[in-house]
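Thanks for coming. I have one model to go through today, and I will keep to what can be computed from its atoms.

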Amino acid sequence: WGLRRGVLDPLAELADQVRGVVSGDVHREVRGSGPREIVALGADIDAMRVHISNEVDLLQEVNQRLDEQAQDLERSNRDLEQFAYVASHDLQEPLRKVSSFCQLLQRRYGGQLDERADQYIGFAVDGAQRMQRLINDLLAFSRVGRSTAAFETVDMREIALAAAAQVETTRSELDGEIVVGDLPQVQGDPALLRQLLLNLFGNGLKFHRPDVAPVVRVDAHRDGEHWEFAVTDNGIGVEPEYAEKIFVIFQRLHGRDVYTGTGIGLALVKKIAEFHGGRVWLDATPRDEPGTVIRFTLPVEVAEPAIPVIPATSVSEEQS
């Protein structure tokens with residue numbers, strides 16, 4: 001009876017108070033009773049509670065500030081996307097007019113003026129066309145990530161063949177080849193995924209070595225919860241130190257006089273891959289043959305059916 005009254009009951013009361021703190025009531029004061037040692041233990045526990053309470057209050061304050069900053073950042077991103085979309089869209093009409101009249105001047109008065117005038121008109125036409133391509137690419141870049149409503153089951157093999165058909169003229173002029181391997185089905189936006197492969201195919205054809213017919217191949221294999229795609233070419237390649245730079249918008253490794261483009265293509269590829277829950281990177285593993293390997297991942301479709309074994313298809317062979 002004495003042990004219960006002097007030790008066990010005060011310890012039970014102290015334990016009850018501690019359980020109240022553990023359950024979330026961190027502002028409840030813990031106070032021991034009974035023997036001096038139990039009172040001291042209660043004081044130590046209360047000091048720990050006060051410290052934890054202060055840390056919790058600080059974390060809540062920090063989290064609240066982070067939430068506010070995240071909301072401000074999200075709002076700012078929406079405004080920037082809307083601005084890019086509106087600016088790109090509204091610039092189309094006056095730029096088309098400038099481009100049309102410059103081309104009209106070139107056709108009507110080309111050769112009738114002196115050589116310098118023809119050169120100036122050529123500069124104007126080229127500048128207007130490059131600006132139009134830049135605006136179109138910016139418009140496509142700003143549209144990515146607006147909504148997932150267009151997500152559906154996509155056969156990546158069909159998407160790859162459709163993308164290859166869009167660069168058929170370039171492939172034919174270069175006497176190149178696009179080989180589409182066995183590709184799975186994924187969940188995604190078919191238009192965006194076609195744009196992703198279109199940009200990679202286009203780069204594989206554009207950055208070819210002189211006097212070497214370009215060959216671009218796309219394959220895929222499963223890696224855990226993702227499909228890993230590889231787009232391989234036999235072109236000029238990319239140095240490993242530029243592995244991150246090539247995916248930054250407007251970053252170019254070559255001058256416009258060497259290779260055309262706006263510097264948005266791979267940035268758009270990265271944005272599309274991340275929008276679909278994947279990632280993209282340059283495979284810098286040393287290879288026996290020159291060229292570039294761009295890899296990207298897409299999540300595995302839930303309860304996906306077994307993909308049929310289809311032999312790799314050469315687009316050039318199909319066309320012939």
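First, the ground rules. This is a predicted model, in which local features need pLDDT of at least 70 and side-chain atom pairs count only at pLDDT 80 or more, while totals for chains, interfaces and linings use all residues. Residues are numbered from 1 along each chain as its sequence is written, and side-chain values use heavy atoms, with hydrogens and water left out.

Now the overall picture. The protein chain has eight helices and eight strands. Helices here are DSSP runs of H or I with at least four residues, strands are runs of E with at least two, and both are numbered from the N terminus. Of the 320 residues, 32% count as buried. Buried means under 20% relative accessible area, exposed means over 50%, and partly exposed is in between, with a 1.4 Å probe and protein chains only. The accessible surface comes to about 19,400 Å², and 53% of that belongs to carbon and sulfur atoms. Those areas come from the Shrake-Rupley method with a 1.4 Å probe; for residues, only the protein chains shown count as cover. As for contacts (heavy atoms within 4.5 Å), among those between residues at least 6 apart in sequence, 69% join residues at least 24 apart.

On to the charged pairs. Side chains of opposite charge can pair when their charged atoms come close. The rule used for a salt bridge is a side-chain nitrogen of Lys or Arg within 4 Å of a carboxyl oxygen of Asp or Glu. How many salt bridges does that rule give? The count is six. I will go through three of them.

One joins arginine 171 to glutamate 168, with the closest N and O atoms 2.7 Å apart. Both residues sit in helix 5, which covers residues 168-174, and they are three residues apart, about one turn of the helix.

Aspartate 283 counts as buried, at 19%. Salt bridges with shared partners also join Glu228, Asp283 and Arg295 into one network.

Next, helix 6. Helix 6 runs over residues 190-206, and its 17 residues should span 24 Å at 1.5 Å a residue; the end C-alpha atoms are 24 Å apart, which agrees. The expected span is 1.5 Å times one less than the number of residues. Which residues of helix 6 are buried? Among them are Leu192, Leu193, Leu196, Asn199, Phe201 and Gly204.

Most residues other than glycine have a negative phi. Aspartate 175 has a positive phi, near 55°. Aspartate 175 lies in the loop between helix 5 and strand 2 (177-180) and is exposed, at 61%. Aspartate 211 also has a positive phi, of about 65°. Its place is the loop between helix 6 and strand 4 (215-223), and aspartate 211 is exposed at 85%.

Last, the surface. Leu3, Val7, Leu8, Leu11 and Leu41 make a nonpolar patch with about 410 Å² of accessible area together. Patch residues have over 30% relative accessible area and no salt bridge; nonpolar side chains (Val, Leu, Ile, Met, Phe, Trp, Tyr) are joined within 5 Å, and like charges within 9 Å. Which element supplies the largest share of the patch? That is helix 1 (residues 2-22), with four residues. Valine 7 is in helix 1 and is partly exposed, with a relative accessible area of 30%.

That is the end of my list.
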